[in-house]
Amino acid sequence: MAVHKQVSLFAYLLVLGMLLFVSAMEHADAKACTKECGNLGYGICPRSEGSPENPICTNCCAGYKGCNYYSANGTFICEGESDPKKPKVCPLNCDPHIAYSKCPRSGGNTLIYPTGCTTCCTGYKGCYYFGKDGKFVCEGESIEPKACTLECDSRVAYMTCPSSGLAKIYQVCVNCCTAGEGCKLYGHDGSLICTGEPQSYISTT
């Protein structure tokens, strides 16, 4: 039993070291932007919004392209038709059938105002930035880090990572947000909980 714990701890430390190395490489490869401030008016980052209990007010025309809209019971209604870069004239009514949206991005604010020192270089990919005259200026060029808590997910019994082969790593404090790219988290019954995504993160604790 003592040998098993030592192996598990060693494997965990090895994987942790690999994750820190990968994270450092990601930051090293991060886009180099100047520190000067931009003169942008506002930004739009289409994100998942609403829920069956807290529905959003929108319609298929005003919904963002790339986002899918659903009813309270999960029925697909439509894909958004509005391109932030080329906004179209849409009615302002709330479609009573739409309760929430699912977009490639989640968490954070959809409208960024004021933009502070944000420039096209430091702005996030998938977010659209406009001048103070309301005209489209650019899409962001930097990768947005995920905001993750550092809490341990009690559902996780062990994990496996590409760097550790098929070895099961026990006694690990991790969650689906902080899991490294390709790492798989498993529950106590052996079922897969989630797989880590290729994205850097920032702590919210």
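Helices (H or I, at least four residues) and strands (E, at least two) are taken here as DSSP runs, numbered from the N terminus. On that basis Cys183 falls in the loop between β10 (169-170) and β11 (184-187).

The model described here is predicted, so that local features need pLDDT of at least 70 and side-chain atom pairs count only at pLDDT 80 or more, while totals for chains, interfaces and linings use all residues. Residues are numbered from 1 along each chain as its sequence is written, and side-chain values use heavy atoms, with hydrogens and water left out.

**Overall build**

Of its 205 residues, 36% count as buried, where buried means under 20% relative accessible area, exposed means over 50%, and partly exposed lies in between (1.4 Å probe, protein chains only). If a contact is taken as heavy atoms within 4.5 Å, then residues 24 or more positions apart account for 57% of the contacts in the protein with a separation of 6 or more.

**Nonpolar cores**

A nonpolar core is a set of buried Ala, Val, Leu, Ile, Met, Phe, Trp, Tyr and Cys residues joined through side-chain atoms within 4.5 Å. The largest such core has 11 residues, including Ile44, Ile56, Tyr69, Cys78, Tyr128 and Phe130. Apart from this core lies another, of 10 residues, among them Val156, Val174, Leu185 and Cys194.

Strands pair if DSSP finds at least two bridges between them; β2 (residues 68-70) and β3 (residues 76-79) run antiparallel and are joined by three bridges. Tyr69 has Cys78 as its bridge partner in β3, and both Tyr69 and Cys78 belong to the largest nonpolar core. The two strands, β2 and β3, form a hairpin with five residues between them, and Gly74 in the turn has a positive phi of about 90°.

Rings of Phe, Tyr and Trp (its six-membered ring) are counted as a pair if their centres lie within 6.5 Å, with planes under 30 degrees apart called stacked, over 60 edge-to-face and the rest tilted. The structure holds seven aromatic pairs. One of them, between Tyr70 and Phe76, is edge-to-face, at 5.8 Å centre to centre and 70° between the planes; Tyr70 is buried, with a relative accessible area of 16%, whereas Phe76 is partly exposed at 45%. The pair of Phe130 and Phe136 is also edge-to-face, at 5.7 Å centre to centre and 70° between the planes, and here Phe130 is buried at 3% relative accessible area while Phe136 is partly exposed at 33%. Ring pairs link Phe130 and Phe136 with Tyr42 and Tyr128 into a cluster.

A charge is said to sit over a ring if NZ of Lys or CZ of Arg is within 6 Å of the ring centre and within 35 degrees of the ring normal. Lys102 lies over the face of Tyr70 in this way, at 5.4 Å from the ring centre.

**Salt bridges**

The structure holds two salt bridges, each being a side-chain nitrogen of Lys or Arg within 4 Å of a carboxyl oxygen of Asp or Glu.

| Lys88 (41%, partly exposed) | Glu81 (36%, partly exposed) | 3.6 Å |

**Loops and backbone geometry**

Most residues other than glycine have a negative phi, and most peptide bonds are trans. Against that background, the peptide bond from Tyr113 to Pro114 is cis, with omega near -5°, and Pro114 is found in the loop between β5 (111-112) and β6 (128-130). Gln171 has a phi near 50°, a positive value in a residue other than glycine.

Gln171 lies in the loop between β10 and β11, the loop that also holds Cys183. Gln171 is exposed, with a relative accessible area of 54%, whereas Cys183 is buried, with a relative accessible area of 1%. The C-alpha atom of Cys183 is separated by 6.7 Å from that of Met159, although the two residues are 24 residues apart along the chain.
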